Amino acid sequence: PLSLKSLAGELGVSANGHLSGAVKELVEAGFVSADEGLNPVDGREVREVSYRIRDNYVRFYLKYIEPKKVAIRNGSYAFASLEDLSGWDGMMGLQFENLVRGNVRALLPLIGFGNSVVTSIAPYFKAGSSKGDGFQIDLLVQTKSSVCVVEIKRQTRIPASVENDVREKVRRLALPRSRSVRTALVYEGR
């Protein structure tokens, strides 16, 4: 995920109306997602919207096909299995997260928000200071009086340390006492 400013830097262009218009068109077409939500502490919109590739095939193409398209075209690129591709597990983890985010309406009843008025569903990122206290939440579901920190994992085995990691994220959120907190783990693995 990148902010508009970071995206402009990656592309070597200025963050102007032309770029924001192009990104808006990609969002409307469904290729890019705008991860915008509410700050769980004060209820205001997050200051900086993050954009990410939403379409799983486009993400796969950009990561694996486009960099090797010449070798693929001339028949010199070969591999034994998909798992042999560098970064395959990480890519599949991102694809799984994207799948979960794209089906969040089906997820809500499973995590106890089936009959709730949800005010925000988005990833949440808090930048760290010099103390290094930044963190990210894969998906933060919010209602008027509660939040649910959703951790999304795709691993063969889910380590027990995930529970402590989520607990630490909840602690760092520093929510007002009036808001209840739930946690959920959405995973593909054992």
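Begin by colouring the protein by pLDDT, the predictor's confidence in each residue on a scale from 0 to 100: confidence is lowest in helix α3 (residues 56-65), with a mean of 88, and highest in strand β6 (residues 146-154), at 94. Helices (H or I, at least four residues) and strands (E, at least two) are DSSP runs numbered from the N terminus. The protein averages a pLDDT of 89, and 98% of the residues score at least 70.

This is a predicted model, in which local features need pLDDT of at least 70 and side-chain atom pairs count only at pLDDT 80 or more, while totals for chains, interfaces and linings use all residues. Residues are numbered from 1 along each chain as its sequence is written, and side-chain values use heavy atoms, with hydrogens and water left out.

Next, select helix α1 (residues 4-11) and helix α2 (residues 17-29), whose axes come within 11 Å and cross at roughly 105°. Axes are lines fitted to C-alpha atoms, for helices over the stretch in contact, and angles run from 0 to 180 degrees between N-to-C directions. α1 is therefore roughly perpendicular to α2 (the term covers 65 to 115 degrees). Display Leu4, Leu7, Ala8 and Leu11 of α1 with Leu19, Ser20 and Val23 of α2, which make the contact (heavy atoms within 4.5 Å).

Then move to Tyr77, in the loop between α4 (69-73) and α5 (88-102). Tyr77 is partly exposed, with a relative accessible area of 27% (between the buried limit, under 20%, and the exposed limit, over 50%, with a 1.4 Å probe and protein chains only). Leaving aside residues up to four places away in sequence, Tyr77 touches Lys68, Ala71, Ile72 and Leu85. Finally, select Val147: the C-alpha atoms of Tyr77 and Val147 are separated by 47 Å, with the two residues 70 apart along the chain.

Notes:
Angles under 35 degrees count as roughly parallel, over 145 as roughly antiparallel, 65 to 115 as roughly perpendicular and the rest as oblique.
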